[in-house]
Amino acid sequence: MASRINRALELLEQDQAIYYVGGHSGHALTYEQGRRDTHTWADYINVGMEHGAFDMTGLGEYMRGLVDGGPTRSGHRTPTVVVEAPVNGTDADNVRFNAWQFRQILGRGVHGILLCQAESADAVRAFVEACGVDPAIASPIARMRGAGRVAAGGRLGLGTRGRGSETTAAPIWGISAEEYLARCDPWPLNPEGELLLAIKLESPEGIANCEEILAVSGLASAEMGPGDLGLALGYPSVPREPYPPEMQEARDRVFAACRKNRVAFLETAVPETIVAKLDEGVRVIAGHREETAIIGRAHQKRAMPV
């Protein structure tokens, strides 16, 4: 039996790596595709809207298809779905002005959001706040939790999503509107929360501020984005491992800050490198290859069915 709505978070709580599929654009957001994707080999599905279409009608139909195709073999109602938002995390104002996009995305019943181009702690705090619900409209337990939210450099404000999305998201999660309001909070800021919030550090500014950024409460996952960072550093094609020295230094800084703050580090792995990556502490695996996941799950003696 599943202990969480969000399969990816259930695995991270067990210190198990999670493997995802889905690119930066081009995901077919239809009811039929949702039914087909319910039994994916991956632990979560990434839906790219930073460069892909901002299609809320399609996303809603896709989530409905996942429900009707389920449950998953692991006993969850649907696989975890994380959406790359078309919002740049360059500064707090930019994030707040575009917070309506987070509300739209989460209102379709997805389980997480990835913020790209994270460059400042203030921007990331605004992101976490925009994805949470004010405890004053949630449960009494959530209200007590809200009193203790603290982040590096000052208090983390209360969630700003407000009411409304529970009427569309709660049926996807298979719970009441009241329970949704109590659980649609970022994990691990709220240990009972079901939202996986992730960031991508993919600019020199983001790397320079990564220690402060990754100290912000409410982040489940982070990555060093080699594509855009490499472009900013003058590499026309995406640098691959082994990275150039300045890219390797950036990767190591982000990874160290993730480990210090217990944020799961995301990185690409292939069958030949997955064991070393897992032993190093990488816990979110890109690469979109089932063979990599098979080897990695066996190495970690994973018990949850796929």
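**Figure 1. Overall fold of the predicted model.** Of the contacts in the protein with a separation of 6 or more, 70% join residues 24 or more positions apart; contact here means heavy atoms within 4.5 Å. This is a predicted model, in which local features need pLDDT of at least 70 and side-chain atom pairs count only at pLDDT 80 or more, while totals for chains, interfaces and linings use all residues. Residues are numbered from 1 along each chain as its sequence is written, and side-chain values use heavy atoms, with hydrogens and water left out. The protein contains 15 helices and 11 strands, taken as DSSP runs numbered from the N terminus (helices: H or I, at least four residues; strands: E, at least two). The C-alpha trace spans about 50 × 40 × 35 Å along its principal axes.

Figure 2. Of the 306 residues in the protein, 58% are buried. Buried means under 20% relative accessible area, exposed means over 50%, and partly exposed lies in between (1.4 Å probe, protein chains only). The protein exposes about 12,400 Å², of which carbon and sulfur atoms supply 52%; the areas come from the Shrake-Rupley method with a 1.4 Å probe, and for residues only the protein chains shown count as cover. There are 31 positive and 39 negative side chains, and the centres of the two sets lie 6 Å apart. Lys and Arg count as positive and Asp and Glu as negative, whereas His and the chain ends are not counted. Each charge is placed at NZ of Lys, CZ of Arg, CG of Asp or CD of Glu.

**Figure 3. The nonpolar cores around Phe102 and Trp187.** The largest nonpolar core has 75 residues, and Phe102, Ile199 and Leu214 touch the most other members. Helix α6 (residues 121–131) gives the largest share of this core, 8 residues. Apart from it lies another core, of 19 residues, including Leu12, Trp187, Ala220 and Val284. A nonpolar core is a set of buried Ala, Val, Leu, Ile, Met, Phe, Trp, Tyr and Cys residues joined through side-chain atoms within 4.5 Å. Leaving aside neighbours within four places in sequence, Phe102 is in contact with Ala85, Val87, Val95, Ile113, Leu115, Phe127, Ala130 and Cys131.

**Figure 4. Leucine 9 in helix α1.** Leucine 9 belongs to helix α1 (residues 7–13). Its relative accessible area is 0%, so leucine 9 is buried. Not counting residues up to four places away in sequence, leucine 9 touches Arg4, Trp187, Gly193, Glu194, Leu195, Leu196 and Ala220. Aspartate 43 is 34 residues from leucine 9 in sequence, with 9.8 Å between their C-alpha atoms.

**Figure 5. Cysteine 184 between α9 and β7.** Cysteine 184 sits in the loop between α9 (177–183) and β7 (186–187). This residue counts as buried because its relative accessibility is 1%. Residues up to four places away in sequence aside, cysteine 184 touches Cys131, Gly132, Val133, Arg161, Trp173 and Leu195. Alanine 257 is 73 residues from cysteine 184 along the chain, and their C-alpha atoms are separated by 26 Å.

**Figure 6. Alanine 298 in helix α15.** Helix α15 (residues 290–299) holds alanine 298. With a relative accessible area of 55%, alanine 298 is exposed.

Figure 7. Most residues other than glycine have a negative phi, and most peptide bonds are trans. The peptide bond from glycine 70 to proline 71 is cis, with omega near 5 degrees; proline 71 lies in the loop between α3 (56–69) and β3 (80–88). Tryptophan 187 and proline 188 are also joined by a cis peptide bond, with omega about 5 degrees, and proline 188 is in the loop between β7 and β8 (195–201). Aspartate 15 is not a glycine, yet has a positive phi of about 60 degrees. Aspartate 15 lies in the loop between α1 and β1 (18–21) and is partly exposed at 45% relative accessible area. Arginine 262, again not a glycine, has a positive phi of about 60 degrees. The loop between α13 (245–261) and β10 (264–268) contains arginine 262, which counts as exposed at 77% relative accessibility.
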